[in-house]
Amino acid sequence: MGSGKNQKSSERPIRILLAKPAIDGHDRGIYVLARAFRDAGMEVIYPGLLPTPEEIINIAIDEDVDVIAISLLNGSHMTIFKKVMELLKKRHAEGDIAVVGGGTIPEADRPKLEKIGVTGNYGPGTPMNEIISHIRKRAEEARANKW
Amino acid sequence: MGKKAKTSATESYWSKKVAELSAPHRKGNAAYEKWHKNVLEPWLGKTVEGSEIREVYTKDDVAPQPDEMPGVYPFTRGIYPNMYIGKPWTMRMFSGFGTPEDTNTRLKYLLKHGETGLSIAFDEPTLYGIDCDNKRAEGEIGKCGVNVTSLKDMEVLFDGIPLDKVSTSMTINAPAIILFSMYIAVAQKRGIKPEMLSGTLQADILKEYIAQKEWFYPPEAHLRMIRDMMLYSVKNIPKWNYISVSGYHIREAGATAVQELAFTLADGFHYVDMGIEAGLDVDSFAQRISFFFDSSMNMFEEIAKFRAARRIWATVMKEKYGAKSDRSLKLRFHAQTSGYTLTWQQPLNNIARTALEALYTVLGGAQSIHTNSYDEALALPTEDAAKVALRTQQIIAEESGVLSPVDPLGGSYYVEALTKKMELQAYEYFDRIEKIGGVLEAIKKGYMQGEIADASYERQMRLENGDDVMVGVNKYREEQEKQINTLKISMRAQRTQRARIAQVKKARNESKVRLHLERLRVAMASSSENLVPYVMDAVKAYATIGEIVNVGREVYGEWKEPKII
């Protein structure tokens with residue numbers, strides 16, 4: 001695995017953008033994640049509600065994040081996650097920004113999302129450690145790509 | 001602390017209540033202490049420290065109460081003398097998905113199977129005032145509820161449903177004034193007069209800023225629209241609950257039971273202040289304020305919460321607002337089982353959770369109930385799953401024997417003590433909110449939002465370390481999850497809705513639309529106008545939700561929430 005490696009203190013902390021890229025205000029989960037990621041030593045950027053996929057990509061690039069974490073519970077992930085990935089590609093950033101997903105995502109959609117590059121796709125009840133170690137792994141990959 | 005006494009010259013009503021309720025009615029609890037030392041500890045063979053919930057409660061835990069009866073002030077035991085004896089609660093299943101045709105079919109299905117009231121769920125684009133033909137709505141049409149873009153959709157949605165006979169509840173927060181106007185317009189087109197309509201608007205915008213986060217404008221603009229609906233309803237639709245003050249979303253966003261109780265009632269009192277400011281006599285409008293609470297997994301806490309809510313409302317309406325009519329003092333509420341407690345893991349377990357939670361609402365005296373379906377952690381419910389949820393209520397009502405007596409837990413040492421404790425904690429919150437500057441100011445400062453986020457994080461940490469259990473999630477997990485069928489909302493809904501709105505736009509009289517939108521703009525700018533007739537004219541001309549909302553966006557601007565992280 002090697003994914004659960006502790007972050008070396010000399011390294012820059014992981015910068016992560018948390019976003020709910022849909023017309024949806026249910027933000028309980030994202031606030032819990034934001035705090036947990038912060039407690040795990042990450043720098044969390046949360047732009048507030050209703051960012052468009054375009055805004056998410058702009059913020060991610062401006063803020064030089066390692067990871068974009070997007071979460072949806074309203075069933076529109078196939079359309080919207082895809083849009084985020086397309087825009088990321090358009091800006092040639094798909095290699096050095098990792099995208100992870102989560103929310104209410106049916107089992108059957110997970111491989112489809114993996115295929116377009118959105119990994120994780122965790123549902124409610126996933127232990128926080130599992131999510132955090134996945135993000136660390138993806139962040140490492142993204143950084144390795146960048147440098 | 002210490003000798004610092006009265007805060008200022010005029011001690012507030014809330015501080016006084018806090019002092020009144022926190023005064024111990026009796027010193028210590030001799031029977032309990034004796035039992036603890038002489039019976040419990042020898043039995044356990046060790047000494048035990050006190051915890052927040054004691055092993056047992058006694059009459060010393062309950063303030064001596066006059067024999068309170070149901071249907072009598074302060075209504076702790078229920079708002080009607082006979083409660084469910086003779087007539088159970090209204091079984092009102094929240095439903096909506098896809099196109100208006102899809103939802104119309106589901107509503108008729110539920111009515112056929114014994115549902116007794118309607119409750120409509122609208123999709124996110126509708127709730128955020130974004131038309132189905134807007135690019136932003138792509139992929140979200142009909143996903144979380146039914147899509148309504150113009151009056152045409154509303155006509156289809158209620159086709160063949162006797163609006164003069166069923167009561168309809170609509171969850172329509174930010175665009176409430178528009179969907180409310182559409183509902184009346186549909187009825188009028190069918191020759192049904194507004195005064196024959198009965199139903200409820202979930203138009204409580206305060207809880208949107210606190211919890212669910214659906215809004216268009218700054219709070220003052222939405223509150224003005226609520227005032228207008230209040231004034232319009234009081235005058236024209238006497239049986240209409242123009243607002244359902246909602247704790248459900250506050251709880252689901254992560255609040256504790258006490259926070260749900262306190263923030264919801266604080267919002268309720270804010271609407272009362274608003275009605276009085278609008279020049280209404282309190283007894284003319286308070287009777288049509290209704291409530292909506294969550295029912296989560298902790299049995300006694302939920303039951304005590306419902307009982308405390310009734311007692312607080314009655315007490316404050318009488319003491320602080322001087323309401324005289326019993327109807328203003330009675331807190332009527334709808335309850336929904338908790339969506340948060342449902343798990344996608346081992347989804348059939350959710351049937352048990354929902355049944356328990358529904359039972360608590362019955363023991364707590366709800367007027368109407370929605371039971372969640374077991375598949376709702378995964379998707380909107382299938383027809384079969386929704387039927388099981390409805391049957392759950394029917395089983396409670398017709399097999400379990402809980403319809404009588406009224407308030408069977410009244411007099412339980414523990415339930416009474418807990419009711420009082422939660423009541424006190426709610427008053428402490430009212431007092432704190434007032435010190436911040438009132439509900440609106442507290443929202444702008446992110447006070448409630450922060451409290452809820454803290455509580456939600458703590459809960460998550462308790463789950464992470466196993467202090468709290470969710471069966472199938474952090475205990476009794478299974479490696480292989482069995483798949484169940486779930487409802488799929490195809491892109492067909494989007495195509496149908498877009499085709500329909502294109503037709504509507506082609507057929508409508510464009511200059512009439514512009515005229516009514518322009519008149520609405522002028523009315524919006526003058527706060528003394530009642531907006532309902534203006535919105536009504538616009539919807540009747542088939543102006544879309546997005547067009548109407550955008551007029552408001554130009555007049556009022558948008559709202560950015562305070563940062564809490």
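Into which domains is chain B divided? Chain B comprises domain 1 (90-464) and domain 2 (495-556), with bounds that come from an automatic or database domain assignment. This is a predicted model, in which local features need pLDDT of at least 70, side-chain atom pairs count only at pLDDT 80 or more, and totals for chains, interfaces and linings use all residues. Residues are numbered from 1 along each chain as its sequence is written, chains are lettered from A and ligands numbered from 1 in the order in which they are written, and side-chain values use heavy atoms, with hydrogens and water left out.

**Interface between the two domains of chain B**

- The centres of domain 1 of chain B and domain 2 of chain B, taken over C-alpha atoms, are separated by 27 Å.
- Contact (heavy atoms within 4.5 Å) involves 42 residues of domain 1 of chain B and 31 residues of domain 2 of chain B.
- Together the two domains of chain B bury about 3000 Å², of which 61% is on carbon and sulfur atoms; buried area is the accessible area (1.4 Å probe) that two parts lose on being put together, summed over both.
- Of the area that domain 1 of chain B buries against domain 2 of chain B, 19% is supplied by Ile178(B), Tyr217(B) and Arg224(B), more than by any other three residues.
- Four salt bridges are found across this interface of domain 1 and domain 2 of chain B, a salt bridge being a side-chain nitrogen of Lys or Arg within 4 Å of a carboxyl oxygen of Asp or Glu.
- Asp153(B) and Arg500(B) form a salt bridge, in which the closest N and O atoms are 2.9 Å apart.
- There are also 24 residue pairs in polar contact (both at pLDDT 80 or more) across the interface of domain 1 and domain 2 of chain B; a polar contact is a pair of N or O atoms within 3.5 Å, where within protein one must be able to donate a hydrogen and the other to accept it, and residues adjacent in sequence count only if both atoms are side-chain atoms.
- On the side of domain 1 of chain B that touches domain 2 of chain B, at least two residues each come from α3 (100-112), α5 (151-157), α6 (176-189) and α8 (219-236) of chain B; helices (H or I, at least four residues) are DSSP runs, numbered from the N terminus.
- With 10 residues, α6(B) gives the most to that side of domain 1 of chain B.

**Interface between chain A and chain B**

- In this interface 36 residues of chain A are in contact with 42 residues of chain B.
- Chain A and chain B bury about 3200 Å² between them, with 52% of it on carbon and sulfur atoms.
- Ile23(A), Arg28(A) and Arg35(A) supply 27% of the area that chain A buries against chain B, more than any other three residues.
- The interface of chain A and chain B has two salt bridges.
- Arg35(A) pairs with Asp454(B) in a salt bridge whose closest N and O atoms are 2.8 Å apart.
- Between chain A and chain B, 14 residue pairs are in polar contact (both at pLDDT 80 or more).
- Two or more residues of the side of chain A that touches chain B come from each of α1 (28-39), α3 (77-90) and α5 (128-146) of chain A.
- The largest share of that side of chain A, eight residues, belongs to α1(A).

- Over all chains, the structure holds 46 salt bridges.
- Glu260(B) and Lys305(B) meet through their side chains in a salt bridge (2.6 Å, N to O).
- Glu260(B) is in helix α10 (residues 257-277) and Lys305(B) in helix α12 (residues 299-319) of chain B, so the pair ties together parts that are 45 residues apart in sequence.
- Both Glu260(B) and Lys305(B) are buried, where buried means under 20% relative accessible area, exposed over 50% and partly exposed in between (1.4 Å probe, protein chains only).
- A salt bridge joins Glu416(B) to Arg307(B), with the closest N and O atoms 3.1 Å apart.
- This pair links helix α16 (residues 413-436) of chain B, which holds Glu416(B), to helix α12 of chain B, which holds Arg307(B), across 109 residues.
- Glu416(B) counts as buried at 11% relative accessibility, and Arg307(B) at 0%.

**Individual residues of chain B**

- Lys207(B), in helix α7 (residues 206-212) of chain B, is buried, with a relative accessible area of 0%.
- Ile484(B) lies in the loop between α18 (447-464) and α19 (492-507) of chain B and is partly exposed at 27% relative accessibility.
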